[in-house]
Amino acid sequence: MRRIAFLPAIFLLAACAAPEAEANPQTSGSDSDLEGIGEYVGDLMGQSIMTDGRYVFLYGPADGSGPMTSHAGTYEITGDVATHTIRYHTNPDRVGDVFSWKIESTAGDTITVVTMDASGEFTGRARSLRVS
């Protein structure tokens, strides 16, 4: 009788673990130079946090001329490219969008990145100061 009760418990544990694996697409234990906490500099102000396959970006014009934008979701790192899938956004029409970026250059703790849309087309450039 104990074996029968044990089998459903295994299925329950497996079912509970599966959504976490899908929600966190990055390979567990990865330690990438692309991950960490950054503070935008230059034309943008705000912060970025990327860790363990999840990210949060909050940014807006540095001169305060427009509203702040925020979005969060999941990401995968392949080589030197981080590909993000938006799960939450201040503009609901952007939920589900995919975009990528890669480091264009570094100077000390300042990182310049180029952003690309889902088709790999260049969409912009940003700079951030690595905080940690």
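In this predicted model, strand β4 (residues 69–78) lies antiparallel to strand β5 (residues 81–89), and eight bridges hold the pairing. Strands here are DSSP runs of E of at least two residues, helices are runs of H or I of at least four, and both are numbered from the N terminus; two strands pair if DSSP finds at least two bridges between them. Strand β6 in turn pairs with strand β7 (residues 110–117) through eight antiparallel bridges, with tryptophan 101 opposite threonine 115 of β7. The two strands β6 and β7 make a hairpin with two residues between them, and glycine 108 in that turn has a positive phi of about 65°.

Taken together, eight strands close into a barrel in the order β1-β2-β3-β4-β5-β6-β7-β8, with antiparallel pairing. From one strand to the next, the twist averages 35°, as given by lines fitted to C-alpha atoms (for helices over the stretch in contact), with angles from 0 to 180 degrees between N-to-C directions. The protein has one helix besides its eight strands, and the elements run α-β-β-β-β-β-β-β-β from the N terminus on.

Now to the packing. Of the 132 residues, 27% count as buried, where buried means under 20% relative accessible area, exposed over 50% and partly exposed in between (1.4 Å probe, protein chains only). The largest nonpolar core has 13 residues, and those with the most contacts inside it are Met50, Tyr55, Phe57, Ala82, Phe99, Trp101 and Val113. Two or more residues of this core come from each of β3 (54–61), β5, β6 and β7. A nonpolar core is a set of buried Ala, Val, Leu, Ile, Met, Phe, Trp, Tyr and Cys residues joined through side-chain atoms within 4.5 Å. Alanine 82 touches Leu34, Met50, Glu76, Ile77, Phe99, Ser100 and Trp101, leaving aside neighbours within four places in sequence; contact means heavy atoms within 4.5 Å.

Histidine 84, in strand β5, is worth a visit. Histidine 84 counts as buried because its relative accessibility is 0%. Its side chain makes a polar contact of 2.7 Å with that of tryptophan 101. Such a contact is a pair of N or O atoms within 3.5 Å; within protein, one must be able to donate a hydrogen and the other to accept it, and residues adjacent in sequence count only if both atoms are side-chain atoms. Not counting residues up to four places away in sequence, histidine 84 touches Met50, Tyr55, Phe57, Thr74, Tyr75, Asp97, Val98, Phe99 and Trp101.

Valine 131 belongs to the segment after β8 (122–130). Valine 131 is classed as exposed because its relative accessible area is 53%. Beyond neighbours within four places in sequence, valine 131 is in contact with Ile37, Gly38 and Glu39.

Finally, a word on confidence. The mean pLDDT (the predictor's confidence in each residue, from 0 to 100) is 80, and 76% of residues reach 70 or more. The pLDDT is below 50 over residues 1–31, a stretch with 18 contacts beyond near neighbours in sequence. Where pLDDT is low, the predicted coordinates should not be read in detail.

Residues are numbered from 1 along each chain as its sequence is written, and side-chain values use heavy atoms, with hydrogens and water left out. For this predicted model, local features need pLDDT of at least 70 and side-chain atom pairs count only at pLDDT 80 or more, while totals for chains, interfaces and linings use all residues.
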